[in-house]
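Thanks for coming, everyone. Please look at the screen while I talk.

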Amino acid sequence: MTTTTDDLVPVAGEAAPADPDAAGTAIEGAAPDAVCAAAVDVARAAAVEEAGEAVGEHLGAVSDGDRIATHLFACLDRAYRGWRWGVQVVRAARAKDVTVTGVYRLPGPDALLSPEWVPWADRVRPGDLGVGDLLPAAPDDDRLALAIEDVESDVPLIEWGLGRPRVLSFVGRVEAAERWYDGEAGPDVPQARQAPAPCVSCGFYLPLSGALGLGFGACTNEFSPDDGRVVAIDHGCGAHSEGSADVAAMGVAPALVDEFTFEVVDEPPVEGPAEEPPAGDAAPAE
Ligand code: SF4
């Protein structure tokens, strides 16, 4: 059964039609079977038997197929806000009565739903690891490759393991490079765009070894916000080792005087002898 509340069709009238097979007289859209649609009382009784007083007003009916319909009732259970009771009824060919086949709860458009299920393996996110936590890489983690495979495969040798059973794989390198380049260490952050020159020409730029060294290095300038971090060759910051030459070439910036705004201050009241009111302003005698 594939009924959803998005398929809800309002019932305009709930009286059983004279002709059981006359379809479409009480229901708009994909009209359910007329007898099934009219069996509101039967459906309500089934819902009440299942849920008691938690069954609210009739919200409509939807066709589930030939002579099969689902009636929807508001769910008054406070633990299921926005949900609905669905009661499916069916009618045999040429029969005038319906049979209830099931009562169940359906989420409405405003229903409070649990978050989408996320497999345990995908739940740990960057930054989740705390002090003392353990998170070893899975045996099939494609960011890593067996060092011996790198030697024996046709893929150009990435690096020797040198005692490590696994080394960063080609996939791991590409992912790291893309992540770094698109992040704070890349060329598109405001700090890099306003830098006097890129990292590649900075004396504090220390290239990484291996293939990643073609695009990334470590910043070793303690006055840079990127000190100790991996940066892209076209990243940059104001602490570029040769940036002073550009500053000198720019000359001294003119002083800026703000002439367009002013500040309102509260002045203390001036103390002194009270002024005599003008003669014409004297209060009239009573
Ligand atoms: S000091 Fe600035 S320009 Fe130099 S390597 Fe570090 S981030 Fe790049």
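**A walk through the chain**

Let's start with one glycine. Just after helix H2, Gly52 has a positive phi of about 65 degrees. Helices here are DSSP runs of H or I with at least four residues, strands are runs of E with at least two, and both are numbered from the N terminus.

Two notes on the source. Residues are numbered from 1 along each chain as its sequence is written. The model is predicted, so local features need pLDDT of at least 70, side-chain atom pairs count only at pLDDT 80 or more, and totals for chains, interfaces and linings use all residues.

Now the whole chain. It has 6 helices and 9 strands. Of its 286 residues, 21% are buried. Buried means that 20 or more other C-beta atoms lie within 10 Å of the residue's own; exposed means 12 or fewer; partly exposed is in between; and C-beta atoms are placed from the backbone. Next, contacts. Two residues are in contact if their C-beta atoms, placed from the backbone, lie within 7 Å. Take contacts between residues at least 6 apart in sequence: 48% of them join residues at least 24 apart.

Back to H2. This helix covers residues 40–51, which is 12 residues. From first C-alpha to last, H2 reaches 16 Å, close to the 16 Å expected at 1.5 Å a residue. The expected span is 1.5 Å times one less than the number of residues.

Which residues of H2 are buried? Ala43, Ala46 and Ala47 are. They sit on the same side of H2, because they cover an arc of only 100 degrees around the axis. That arc is taken from the directions that run from the helix axis to the C-beta atoms. An α-helix has 3.6 residues a turn, so residues three or four places apart point the same way.

What about the face turned away from the buried side? There you find the exposed residues Asp41 and Glu49. And what covers the buried residues of H2? The cover includes strand S1 (55–65), strand S2 (68–75), strand S3 (83–90) and strand S4 (99–107).

On to the cores. A nonpolar core is a set of buried Ala, Val, Leu, Ile, Met, Phe, Trp, Tyr and Cys residues joined through C-beta atoms within 7 Å. The largest one has 21 residues, and Cys36, Ala39, Ala47 and Val89 touch the most other members. Helix H1 (34–38), H2, S1, S2 and S3 each give two or more residues to this core. H1 gives the largest share, 5 residues. A second, separate core has 8 residues, including Cys199, Tyr205, Cys219 and Val231.

Look at Val89. Leaving aside neighbours within four places in sequence, Val89 is in contact with residues including Cys36, Ala39, Val42 and Ala43. Ala69, His71 and Val100 are also among its contacts.

Stay with H1 for a moment. Ala37 lies in this helix. Ala37 counts as buried because it has 30 C-beta neighbours inside 10 Å. Ala37 and Thr70 are 33 residues apart in sequence, yet 8.1 Å apart in space, C-alpha to C-alpha.

Now the loops. Are they buried or exposed? Asp66 is exposed, with 11 other C-beta atoms within 10 Å. Arg67 is buried, with 21. Arg67 also has a positive phi, near 60 degrees, and is not a glycine. Asp66 and Pro32 are 34 residues apart in sequence and 7.5 Å apart in space, C-alpha to C-alpha.

Arg94 is in the loop between S3 and S4. Its phi is positive too, near 65 degrees. Arg94 counts as exposed, because it has 7 C-beta neighbours inside 10 Å.

One more loop residue. Leu112 is between S4 and strand S5 (144–146). Leu112 is exposed, with 11 C-beta neighbours inside 10 Å.

Last stop, the ligand. How many residues surround the ligand? There are 15, and the closest are Cys199, Cys202, Cys219, Asn221 and Cys237. A residue is near a molecule if its C-beta atom, placed from the backbone, lies within 6 Å of it. By class, this shell has 9 nonpolar, 5 polar and 1 charged residues. Here Ala, Val, Leu, Ile, Met, Phe, Trp, Tyr, Cys and Pro count as nonpolar, Asp, Glu, Lys and Arg as charged, and the others, Gly among them, as polar.
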